[in-house]
Amino acid sequence: MGTLHTLVPLSLTEIGKISTGETILFAIVALVTIGCGIGLLTAKRAVSAAVNMIVIMICLAVLYIANEAPFLGITQVVVYTGAVMTLVLFVVMLVGVGGDEPVSGAGSALSRGIIVLFGLGLAVLLGSVVIRSAFPSARGLESGDTAAPANLAVALFGEHVVAMELTGLLLIVAATGALTLTHRQRIRAKVTQSSLVASKMKAYASKGTHPGQKPMSGVYASTNSAAAPALSAQGEALDASVPRVLRARGLELSLHEVSPEYAAAQRDGRIRSREDADVSRSGMPAMPGAPAPAVVQPVAGRAAELAQSATDEPSGEPVHKEEEK
Amino acid sequence: MSLPVTAYVILAGVLFALGALTVLLRRNALIELMGVELMLNAVNLVLVVFSRLYGDLTGQVFAFFVMVVAAAEVVVGLSIVVSIFRSRRSTSVDDVSLLKH
């Protein structure tokens, strides 16, 4: 603090000095603010720069409140951190976070040095002007009462009403400009549901692409991840069941990663396909094989009788028989 | 242990210089916009401190106007960044050199 005293000679009267508590607050907040300012200058990514900026805004709001401007401090938090920095973060996400970028990508070391010298010179110049200037004895706003919203409103809509109207005009122009700048004309026709169906059917007719839904990803005892492929009726892994994004990033799982036992069985030829599987057959016409299972109905006697006659005649046609009776 | 009110003004000067350096040194348009924001905020701090120094509310009223102008500036600036990014796939200000012969 002593060094600060020597750096900042007391150019004000005794009334213009701030209290000890406020000095401590100022020292802490000023350190955080300048640290975050350097962080903003040297941040590798736009996101960290935006986070540094948010901390600076909040610190400045604290300083406003300490400087008898409570309404302005709250507005600072609401407008800057609440709206402006959120908007900036939205655009950072829209544009893409991107990789690291150098603090100064272009320009020679000489020009960079000149720029840094300029910045330091600006700070030194401003500081020395403030130190060398003679300020009148500070008055201060009377106990924060005059900075109340009612008094601010009187000043805003009384003396500065024209500036207020112009501000409204500026906001309208800015909103219109933002809409115009981001407006995009449609290059292709809008994709509707019916046009999507038509294009799918056209692809089916010309290239044989399956028009329906793709199969869902597989569910296994070890995992139900969307990266696990489903199995076809032949027991093979279906590539189309894994989402396209996962396939493009190379994150899909192969069958032996999901189920090593199944993959080994498939390799040994122990997985039987649908054709040679031993399944019971219905016995319906054009479906040769074992007879249909008998349905036993204890209540209805006639149904049991029918079932009996059906088992007597294995390749019979129960429907026709019933009609004959 | 007490400081004069002008210590706030010196802090604002340092913040303004940091914002100016950010605008001059960085090549990312978004970070440059944040540097402009930092400069506007430093000026706001000066306005508030002088409002306290002179016991006059006009400084705070003008800080409000600066806030509104900054908000409008951010909206237009960000929409320019977005529309440039759409056509050039880059937010670097050095890449915007279509008019260069």
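At what angle do α2(A) and α1(B) pack, and how far apart are their axes? The angle is about 5°, and the axes lie 10 Å apart. Here axes are lines fitted to C-alpha atoms, for helices over the stretch in contact, and angles run from 0 to 180 degrees between N-to-C directions. That makes α2(A) roughly parallel to α1(B), a label used for angles under 35 degrees. Helices are DSSP runs of H or I with at least four residues, numbered from the N terminus.

Before going further, a word on the ground rules. This is a predicted model, in which local features need pLDDT of at least 70 and side-chain atom pairs count only at pLDDT 80 or more, while totals for chains, interfaces and linings use all residues. Residues are numbered from 1 along each chain as its sequence is written, chains are lettered from A in the order in which they are written, and side-chain values use heavy atoms, with hydrogens and water left out.

Back to the first pair. Contact means heavy atoms within 4.5 Å, and the residues of α2(A) that meet α1(B) include Phe26(A), Ile34(A) and Leu41(A). Among their partners in α1(B) are Tyr8(B), Leu15(B) and Leu25(B). This contact divides into 14 nonpolar residues, three polar and one charged. In this count Ala, Val, Leu, Ile, Met, Phe, Trp, Tyr, Cys and Pro are nonpolar, Asp, Glu, Lys and Arg are charged, and the others, Gly among them, are polar.

Now move to α3(A), residues 46-66 of chain A, which packs with α2(B) at an angle of about 5°, the axes being 11 Å apart. These helices are therefore roughly parallel to each other. Met53(A), Leu60(A) and Tyr64(A) are among the residues on the α3(A) side, and α2(B) brings residues including Met34(B), Leu45(B) and Arg52(B).

Because Arg52(B) lies in helix α2 of chain B and Glu22(A) in helix α2 of chain A, the pair joins two chains. Arg52(B) also forms a salt bridge with Glu68(A), at 3.4 Å. Between chain B and chain A the count is two salt bridges.

Finally, step back to the whole interface, where 69 residues of chain B are in contact with 95 residues of chain A.

Terms used
Salt bridge = Lys/Arg side-chain N within 4 Å of Asp/Glu carboxyl O. Parallel < 35°, antiparallel > 145°, perpendicular 65-115°, else oblique.
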